Amino acid sequence: MKDRVFIAWSGTSELALRVKHILENRCNYKCFIGGNGTNDSNFASVGDTVLQQIKSCNQAIIIFQKRGDGLISNNLFFELGYALASYGLTKVHCVKLANEDLMLPSDFDNSFVEPIDDTDTDTLVEGIVNYFLARQKLSVNTNKMYLINNRYLIKEYIKRHFSEQGSKCSDYELAQYLLFYTQAAQMFDDVRAVQRELQAFKQAYQYNFSNELTISVDICLTFFDLYSNICIDQNNTAFIDKGVYRRIKEKFNSIDLDIEDDNTGIFDEWAKVFICEYMVFATDLFLGNPELTEERKVRIANKTIELADECILRIEKLQAVAPIIENNDHIGLLSLFKSYISEHKFIAYDALGAEEAVEWLKRTKREKASLRKHFDYGTIDSHLSENLDMEYNLTLIKYLSYSDKLDLDEEEIEECVEEIGEFLARTQNKVANNKFMEKIANAYKQYC
């Protein structure tokens with residue numbers, strides 16, 4: 001079940017009844033109409049019935065219209081205030097007739113009361129429905145690293161979405177939340193548990209999915225398929241086999257073509273960034289396959305660079321159309337993605353023996369240092385901060401191995417070694433059974 005929608009009205013209940021009919025029969029919402037059929041003030045009051053209706057819902061449509069006496073029902077303003085306090089501004093959708101002269105409080109008349117074409121009743125009803133549906137396509141205006149850090153919030157959204165309790169967000173918003181939930185699964189190292197959760201979610205409700213929700217779930221499950229098939233060789237190098245690479249590439253290419261450009265919301269921009277970043281990751285993993293011929297390695301390395309450049313363009317487009325700065329996503333999730341892309345480009349250029357590898361190694365170090373600065377111990381879950389810290393120190397090891405090409409002097413080398421030593425001192429009880437920590441520890445010994 002989608003959201004439960006409370007419809008408040010003034011004037012006549014005809015519009016509310018017709019909007020309810022369309023939303024329930026065409027769009028799978030559950031609607032409750034406040035008041036009574038005639039809006040007679042002798043019989044319709046803001047009592048327990050209306051308050052219970054509002055409490056049981058997640059969104060509200062407020063229809064401003066004159067009564068027979070030329071006034072607006074006072075109850076409507078009470079219901080509006082109660083709904084705003086209960087749901088928040090983005091979940092309350094206020095409309096009025098474009099050609100009706102209403103006296104509304106100036107504080108909100110021009111701010112969030114939408115005039116709807118009332119040429120005829122059919123046009124008016126469709127206009128109200130379309131306005132409501134368009135408002136479902138909202139950006140998730142919360143810092144994405146905050147959501148990743150508090151992934152239980154998203155878990156609750158998934159659990160509630162098709163329950164009898166009613167959802168806590170629209171399909172369009174949930175489609176975005178799922179992408180961030182998948183990133184959280186990777187960073188918290190519980191990919192298999194979340195994979196099972198989303199597989200069960202899809203199996204139970206896929207026939208009720210919107211197009212965006214279908215795309216999002218498919219992106220997530222394809223990534224989990226990729227992640228679950230990563231192999232590690234004796235040198236601790238991660239790779240995937242050619243069958244996995246071919247399957248993942250075909251799935252992501254197909255999903256990418258299904259994404260519809262949307263001028264209302266920004267799901268499409270987020271989805272394209274996630275798909276491209278995951279494809280860079282998959283191609284980089286395939287580059288590490290020990291069975292590749294030298295000729296094919298060159299092709300795959302160049303493909304990694306090509307996809308990485310495309311991902312950078314997609315990130316820039318997302319930053320241009322979304323409230324990234326306001327949410328600080330440019331120093332959060334997008335900064336994390338940039339660090340991934342920089343590292344993939346470094347690995348690809350390194351495989352080609354190209355001079356550009358040094359520049360991308362520098363960028364990788366800068367991005368990971370920035371992430372560690374903004375999300376250090378005490379600001380986010382310790383597991384996440386430790387992972388960011390570990391990734392930074394893995395980059396420091398590679399940085400030291402390039403000391404000649406980077407023209408590092410003895411002081412710079414010593415500072416890097418000291419940083420690694422301090423990291424190992426903080427995490428000394430976590431070296432065992434962690435291949436990456438062991439790699440850092442072994443490299444540190446070589447410089448001491």
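Twenty helices and seven strands make up the secondary structure of this protein. The model is a predicted one, so please read what follows as a description of that prediction. Of its 448 residues, 51% count as buried. The C-alpha atoms fill a box of roughly 85 × 40 × 35 Å along the principal axes. Among contacts with a separation of 6 or more, 71% join residues 24 or more positions apart.

**Nonpolar cores**

- The largest nonpolar core has 106 residues, and the members that touch the most others are L174, F180, I219, F224, F252 and W270.
- Helix α12, residues 267-287, gives this core its largest share, with 15 residues.
- A separate core of 23 residues lies apart from that one, and its members include I7, A16, V19 and I33.
- As a general background, nonpolar side chains in soluble globular proteins tend to be buried together.
- Leaving out residues up to four places away in sequence, W270 touches K144, Q176, L179, F180, L318, I324, D329, L333 and L334.

**The α8 and α10 pair**

- Two packed helices are described by the angle between their axes and the distance between the axes.
- For helix α8 (residues 171-187) and helix α10 (residues 211-228), the angle is about 10° and the axes are 8 Å apart.
- Angles under 35 degrees count as roughly parallel, and α8 and α10 are therefore roughly parallel to each other.
- On the α8 side, the contact is made by D171, Y172, L174, A175, L178, L179, T182, A185 and Q186.
- On the α10 side, the contact is made by E212, L213, S216, V217, I219, C220, F223, F224 and Y227.
- Sorted by class, this contact of α8 with α10 holds 13 nonpolar, three polar and two charged residues.
- L174 of α8 and I219 and F224 of α10 take part in this contact, and L174, I219 and F224 are also listed among the residues that touch the most other members of the largest core.

**Cysteines**

- A search of the whole structure turns up zero disulfides.
- C220 is in no disulfide, and the nearest cysteine sulfur, that of C169, is 13 Å away.
- C220 counts as buried because its relative accessibility is 1%, under the 20% cut-off.
- C231, by contrast, is partly exposed, with a relative accessible area of 33%.

**The loop between α14 and α15**

- N328 lies in the loop between α14 (324-327) and α15 (333-352), and D329 is placed in the loop between α14 and α15 too.
- Most residues other than glycine have a negative phi.
- N328 has a positive phi of about 60° although it is not a glycine.
- Are N328 and D329 buried or exposed, or something in between? N328 counts as partly exposed at 38% relative accessibility, whereas D329 is buried, with a relative accessible area of 0%.
- D329 touches T142, N143, K144, W270, I324, L334 and S335, not counting residues up to four places away in sequence.
- W270 in turn has D329, K144, I324 and L334 among the residues it touches.

- D407 is found in the loop between α18 (403-406) and α19 (410-426).
- Phi of D407 is near 55°, a positive value in a residue other than glycine.
- D407 counts as exposed at 65% relative accessibility.
- Y399 lies in helix α17, residues 382-401, and counts as buried at 12% relative accessibility.
- Which residues does Y399 touch, not counting residues up to four places away in sequence? They are L361, K362, K365, L406, L408 and C416.
- Y399 and K362 are 37 residues apart along the chain, and their C-alpha atoms are separated by 7.9 Å.

**The segment before β1**

- D3 lies in the segment before β1 (4-9) and counts as buried at 1% relative accessibility.
- D3 touches Y29, K30, N58, Q59, K91, S167 and C169, not counting residues up to four places away in sequence.
- D3 and C57 are 54 residues apart in sequence, and 7.1 Å apart in space from C-alpha to C-alpha.

Note on methods:
Residues are numbered from 1 along each chain as its sequence is written. This is a predicted model: local features need pLDDT of at least 70, side-chain atom pairs count only at pLDDT 80 or more; totals for chains, interfaces and linings use all residues. Side-chain values use heavy atoms; hydrogens and water are left out. A nonpolar core is a set of buried Ala, Val, Leu, Ile, Met, Phe, Trp, Tyr and Cys residues joined through side-chain atoms within 4.5 Å. Buried means under 20% relative accessible area, exposed over 50%, partly exposed in between (1.4 Å probe, protein chains only). Helices (H or I, at least four residues) and strands (E, at least two) are DSSP runs, numbered from the N terminus. Contact means heavy atoms within 4.5 Å. Axes are lines fitted to C-alpha atoms, for helices over the stretch in contact, and angles run from 0 to 180 degrees between N-to-C directions. Angles under 35 degrees count as roughly parallel, over 145 as roughly antiparallel, 65 to 115 as roughly perpendicular and the rest as oblique. Ala, Val, Leu, Ile, Met, Phe, Trp, Tyr, Cys and Pro count as nonpolar, Asp, Glu, Lys and Arg as charged, and the others, Gly among them, as polar. A disulfide is a pair of cysteine sulfur atoms within 2.5 Å.
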